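Me: I am new to this structure. Please take one part and show me closely how its residues sit and what they touch.

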Amino acid sequence: MSDCIFCKIIEREIPSAIVYEDDDIIAFEDVNPLAKVHILLIPKKHIASAAELREEDGAVIGRIYLAAKKIAEEKGLAEDGYRIVNNCGKNGGQEVFHIHFHLLGGEKLGLFV
Ligand code: AMP
């Protein structure tokens, strides 16, 4: 999608610190980290939000969780734990309308980060 900032990251039209990529998923450092480790994982397919998910998107969402687990292990988060967050829509606090999952860790997190 031409006006989507995360699609532009996928296309390398704007820079980001990419930590993981495969055919369907990309993960990069959040530009405004809310924890010592704050990574965003997104599908390469433009899906606006969790509210827009279709049956056929189930596999990639599952694979995002597996990628988050792998990144968490690589970043040394697995032992002490971490949080995976998806904000959906205006009331959920979503600011970027390309579905994404926040991987947060590296310190004890409050109820809301
Ligand atoms: P949300 O509020 O769930 O939509 O989260 C959007 C996240 O995207 C925020 O944590 C922002 O800091 C992050 N963000 C926005 N633009 C960029 C960017 N160009 N590179 C990395 N992270 C970004």
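Reply: A close look

Ser 49 is found in the loop between strand 3 (37–43) and helix 2. Helices (H or I, at least four residues) and strands (E, at least two) are DSSP runs, numbered from the N terminus. This is a predicted model, in which local features need pLDDT of at least 70, side-chain atom pairs count only at pLDDT 80 or more, and totals for chains, interfaces and linings use all residues. Residues are numbered from 1 along each chain as its sequence is written, and side-chain values use heavy atoms, leaving out hydrogens and water.

Is Ser 49 buried or exposed? Ser 49 is buried, at 6% relative accessible area. Buried means under 20%, exposed over 50% and partly exposed in between, with a 1.4 Å probe and protein chains only. The Ser 49 side chain reaches the backbone nitrogen of Ala 51 at 3.1 Å. Setting aside neighbours within four places in sequence, Ser 49 is in contact (heavy atoms within 4.5 Å) with Cys 88, Gln 94 and Ile 99.

Now to Phe 101, in strand 5 (residues 101–105). Phe 101 is buried too, with a relative accessible area of 5%. Residues up to four places away in sequence are not counted here; Phe 101 touches Ile 39, Leu 40, Leu 41, Ile 61, Ile 64, Tyr 65, Ile 84, Val 85 and Asn 86. Asn 87 is 14 residues from Phe 101 along the chain, and their C-alpha atoms are separated by 7.9 Å.

Next come the rings. How many aromatic pairs does a search of the whole structure find? It finds 2. Rings of Phe, Tyr and Trp (its six-membered ring) pair if their centres lie within 6.5 Å; planes under 30 degrees apart count as stacked, over 60 as edge-to-face and the rest as tilted.

Another pair brings back Phe 101. The rings of Tyr 65 and Phe 101 have centres 5.7 Å apart and planes at 70 degrees, so they are edge-to-face. This pair also links distant parts: Tyr 65 is in helix 2 (residues 58–74), Phe 101 in strand 5, 36 residues apart. Tyr 65 is partly exposed, with a relative accessible area of 41%, whereas Phe 101 is buried.

How values were computed: A polar contact is a pair of N or O atoms within 3.5 Å; within protein, one must be able to donate a hydrogen and the other to accept it, and residues adjacent in sequence count only if both atoms are side-chain atoms.
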